[in-house]
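Reader: I've got this protein open on my screen and I'd like to talk it through. Can you show me the structure first?

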Amino acid sequence: MRAGLTVPPAVEAERVITAVLTDLRAGRHRGVVVDSPPGAGKSTLVVRAAVELAAAGEPLIIVAQTNEQVDDLTDRLARKAPELRIGRLSAADYRPSERIRGHQQVRVAAKVADLGGPAVIIGTAAKWATVTEGCWPWAIVDEAYQMRSDALLRVAGRFERALFVGDPGQLDPFATVDTARWTGLSWDPMQSAVAVLLRHNPDLPVHRLPVSWRLPASAATVVAEAFYPFTGFRAGTGLLDRALRLVEPGPSDRLDRALDLAASTGWALYELPERFTPRTDAEATAACADLALRVLARGPVAVSEHAPAGAPVTADRIAVGAAHRDQVAAIRARLGAAGAGITVDTANRLQGREYDVTIVLHPLSGRRDATAFHLESGRLCVLTSRHRHACVVVARAGIAELLDAHPSTETVHLDVPVKFPDGWTANQAILARLASGGA
């Protein structure tokens with residue numbers, strides 16, 4: 001390519017994927033790690049690697065973290081390779097969804113012995129931890145940064161080599177018990193599986209997917225600078241490749257102005273008056289619901305590389321994200337029957353999902369303090385990286401002042417790798433972008 005010209009994103013991404021598959025085929029290492037930004041094609045890579053390994057006569061297992069992830073991968077793999085025999089390892093009370101029942105080559109069972117010796121077996125980490133017999137040449141661990149290191153230890157005896165794929169910028173594993181007793185230990189179970197793996201095996205190859213196919217050009221740079229400052233990535237589309245059109249006129253109130261701004265720039269801040277509030281701030285949760293309903297009322301049409309002529313943005317392509325379940329419940333109640341089909345959920349449950357338009361209730365909105373939970377960079381990363389076209393952040397004024405009053409002063413522990421960026425820095429970066437235009 002001539003000097004001064006940028007490598008096309010598809011070419012750049014394919015180079016990395018080729019390098020990953022080359023490392024897999026070579027078998028020089030017991031593991032290969034792939035870091036991925038939001039929407040970079042993690043599932044596509046997992047499916048492609050599984051097909052190649054199976055085609056080479058290498059039986060393998062796939063370890064995912066949730067049943068939804070397992071079903072998604074099973075469906076994708078069955079569509080990609082209809083001739084491939086697939087086993088869906090499940091709990092005894094699991095009921096296959098319609099998309100799983102539609103694939104004749106997929107067998108579902110609670111025990112490996114009942115699957116009939118398929119080329120690929122897919123199950124959750126929790127389910128694989130109950131398997132006590134059998135060993136496979138390969139495993140693929142999906143969403144490996146969501147997996148606790150102790151969960152990896154429980155399944156490590158089931159495979160010889162593994163591909164670990166995940167997003168290092170999103171939510172870390174969590175527990176509901178006190179974990180201070182393990183802090184600083186190299187095998188701390190609260191570290192992610194990848195973190196412990198690399199601490200004990202620093203020579204393992206690490207690849208980084210360089211392109212986000214989900215985030216638009218208006219968001220990729222913002223998210224990369226805030227949450228991936230040392231690796232970065234770029235959008236797979238240009239500024240002119242996507243557009244969000246609001247076909248129906250509105251009453252031109254603050255809701256409309258926020259949506260118009262988000263449609264034209266990709267971002268908008270819907271700011272409420274500064275005030276300390278309960279966690280289920282009635283005004284803020286109502287604003288989130290009203291914005292989502294107004295999006296539907298405005299007849300949105302999304303123009304993209306997948307739909308150059310435009311496609312309607314239906315309710316199932318809109319999501320509202322919050323930090324807490326009680327906030328989610330309040331937003332759902334406000335949406336009522338008019339908001340049927342709109343996804344409302346916490347950041348933890350929105351991981352890995354994709355929408356055209358998202359409404360985000362900022363974790364620090366209305367708070368008196370900035371706790372570690374609300375400052376966690378991964379939480380804000382998930383909330384602000386689910387959209388293909390536009391994101392509107394709802395927040396009360398005063399977050400910048402709250403951050404200044406609560407500088408990053410977390411306890412530093414010996415032998416604990418420092419995570420970058422910290423939540424304080426990431427929040428400041430996102431606020432700086434939102435401050436450039438409000439509603």
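Reader: Let's start with the cysteines. How many disulfides does the structure hold?

Author: Keep in mind that this is a predicted model. A pair of cysteine sulfurs would have to sit within 2.5 Å to count. Going by that cut-off, the number of disulfides is 0.

Reader: Which cysteine sulfur is nearest to that of C381, and how far away is it?

Author: C381 is in no disulfide. With a cut-off of 2.5 Å for a disulfide, look at the nearest cysteine sulfur: it belongs to C391, at a distance of 12 Å.

Reader: Now the overall layout. How far apart are the centres of domain 1 and domain 2?

Author: The domain assignment puts domain 1 at 9–212 and domain 2 at 217–437. Taken over C-alpha atoms, their centres are separated by 29 Å.

Reader: What does UniProt list for residues 315–396?

Author: In the model, that span is 32% helix and 32% strand, and its end C-alpha atoms lie 26 Å apart. The UniProt record, an unreviewed entry, lists it as "domain: DNA2/NAM7 helicase-like C-terminal".

Reader: On to α10. What should its 16 residues span, and how far apart are its end C-alpha atoms?

Author: Helix α10 covers residues 282–297. The expected span is 1.5 Å times one less than the number of residues. That gives 22 Å for α10, which agrees with the distance between its end C-alpha atoms, 22 Å.

Reader: Which residue has a side-chain oxygen reaching a backbone nitrogen at the start of α10?

Author: The backbone nitrogen belongs to E283, and the oxygen comes to within 3.1 Å of it. A polar contact needs N or O atoms within 3.5 Å. The residue supplying that side-chain oxygen is D281.

Reader: And which residue with a positive phi follows α10?

Author: Among the buried residues of α10 are L291, R294 and V295. After the helix comes a residue with a positive phi, near 60°: G299.

Note on methods. Residues numbered from 1 in each chain as written. Predicted model: local features only at pLDDT ≥ 70, side-chain atom pairs only at ≥ 80, totals over all residues. Heavy atoms only, no water. UniProt positions renumbered as here; feature names shortened; annotations may be inferred. Helix = DSSP H or I, 4+ residues; strand = E, 2+ residues; numbered from the N terminus. Domains from an automatic or database assignment. Buried < 20%, exposed > 50% of the residue type's maximum accessible area, 1.4 Å probe, protein only. Polar contact = N/O pair within 3.5 Å; in protein donor to acceptor, adjacent residues only side chain to side chain.
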